[in-house]
Amino acid sequence: MKLLSVILLTMTSLSAASAATTVQHSTFGHMPDGKAVEIYTLKSPAVELQVMTFGARVVSLDTKDRNGKMGNIALGYADFNGYLKDNKTYFGSVPGRYANRIANGKFALDGKTYQITQNDHGNALHGGKVGFADLNWTGKEIPSGVEFTLVSPDGDQGFPGKLTAHVRYTLQDNKVVIQYSATTDKPTVVNLTNHTYFNLTGDGSGTILNEELKIDSDKITPVNSTLIPTGQFAPVAGTPFDFTSAHKIGERIEANNDQLKLGHGYDHNFVLRGKMGELHPAAEVYDPASGRVLSVETTEPGMQFYSGNFLDGTFSSRAGAKYNFRNGFCLETQHFPDSPNHPNFPSTELKPGQTYHSETTWTLTARK
Ligand code: GLA
C-alpha cells in the first residue's frame, strides 16, 4: 500500500511538473537542401525557451527581470537565414563532436593518429569545418521539452566511429535542464557543450562588462597564442581570473596580464571545484541593471568563460542592434580543451558499449 501511494504521488507530481511547461513546434526555415528546420517553444510561467533543430541551438530565452517583466537574454537572429550567414559565432549551438580546440586538429587513440579538419589557426575548433553546430538535428517532443538527435558517421571531420548524440532541453519552472548523451561504435572522443551568448540586461542591449560573475573555480588551464592549453594549471588567486567572489566582468579585463592578452579578454577554461559526474555549482551571474540572475550547475569538470571578444559588429540582433565587442558572454560547461593531447586532463574518450552523459542546468531568478 505504502509503495503504491509513493508511486501515485510521484506520478501526480510528475504530471504537475509537465502540466506547467507547454511545448509547441513549427517550421523556422529550410536548409539549403530543402530540409525543414523546426523550432520548439518551451513555456513555463517563469521562462520561455526557443530551441531549433539546426545545431540543436537555443534561439531565445525569455526570463523575468526584477519587476517581473519578461525579456530575451540569449543572442540570436530574427530569422533562420541569419544563422546560415553566420559561420563565426556559434550562437546558441551545441558544438561537437569536440567542443573547443584540438591542437593542430590532431590526436592519437589506441596508437592511431587522427586528423580533424582545421578551422582555427591550424587547430580544430568546435568539431572542425562542419561541426554539429552547422547540422540539422532531428527533433522529437518529450514531456516538458524536446530531444534532438544527430548521427555523425564514422570519419566525420576525421573523427573515428559512428557517433549517435542526443541533446534534451527540458524546462522545469525557472530551470532549463540540458542533458547530453552519446554512444559510438568505435573508440572516439566526445565533448559537448552549449554555446549560448547571454546578456542579462537583454539581447542587443550593449556591453556585458557591468554584469557580476562568480565562478566556482580555483584554477584555469592557461593557453598559448592559439588558445591551446599548455597542459599546466594556474591558480586564480591574486589574478584577474579570481571569480571565487563576484566581480564585474569588466573590472579587470584590461589588466596587464599575459593570459588576458592571449585571449583578447576572457576565453579560458576554468577547472570547477565540484565532483565530475555529479551536478555541482559552476557559475552565477547577476545583472545590477535588470536584477536578473543566472545560476549554472553542471556535471562537467570545466567551464569556458568567453567574454565575447570576437564579436565585432558584423552581425545584428532581431531588433537591428549591432552585436559589438563583448556584447554577450558564454559559459560553456565542458571537458578541458585539447584533452585528447593531455593525458593529465580528465579523459574525453568514449568506447563502444559506454554511454557519454553530461548535464547542465540554468536557473533563472531575479533580485530586487
Ligand atoms: C569559443 C572559443 C572562442 C571563440 C568562440 C566562437 O568560445 O573559445 O575562442 O572561438 O568559441 O567565436
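Where is Tyr90 found? I looked this up before anything else. Tyr90 is in the loop between H2 and S6; helices (H or I, at least four residues) and strands (E, at least two) are DSSP runs, numbered from the N terminus.

Notes on the source. The model is predicted, with local features needing pLDDT of at least 70 and side-chain atom pairs counting only at pLDDT 80 or more, while totals for chains, interfaces and linings use all residues. Residues are numbered from 1 along each chain as its sequence is written, and side-chain values use heavy atoms, with hydrogens and water left out.

I read a phi near 65° for Tyr90, a positive value in a residue other than glycine. Tyr90 is buried because its relative accessible area is 13% (buried is under 20%, exposed over 50%, partly exposed in between; 1.4 Å probe, protein chains only). Arg97 is in the loop between helix H2 (80-85) and strand S6 (101-102), and a cis peptide bond with omega of about 5° joins Gly96 to Arg97.

I found Asn104 in the loop between S6 and strand S7 (106-109). Its phi is near 55°, again positive in a residue other than glycine. Asn104 has 47% relative accessibility, so it counts as partly exposed.

Asn194 counts as buried because its relative accessibility is 3%. I traced its side chain to the backbone oxygen of Gly92 at 3.3 Å; such a polar contact is a pair of N or O atoms within 3.5 Å, and within protein one must be able to donate a hydrogen and the other to accept it, with residues adjacent in sequence counting only if both atoms are side-chain atoms. Leaving out residues up to four places away in sequence, Asn194 touches residues including Gly92, Tyr169, Glu332 and Trp362 (contact means heavy atoms within 4.5 Å).

I listed 15 residues around the ligand, the closest being Arg101, His126, His195, Asp267 and Glu332 (a heavy atom within 4 Å). A polar side-chain atom of Arg101 is 2.7 Å from a ligand oxygen. For Gln304, a polar side-chain atom is 3.3 Å from an oxygen of the ligand.

I placed Pro229 in the loop between strand S17 (217-221) and strand S18 (234-235). At 4% relative accessibility, Pro229 is buried. Pro229 and His268 are 39 residues apart in sequence, with their C-alpha atoms 8.9 Å apart.
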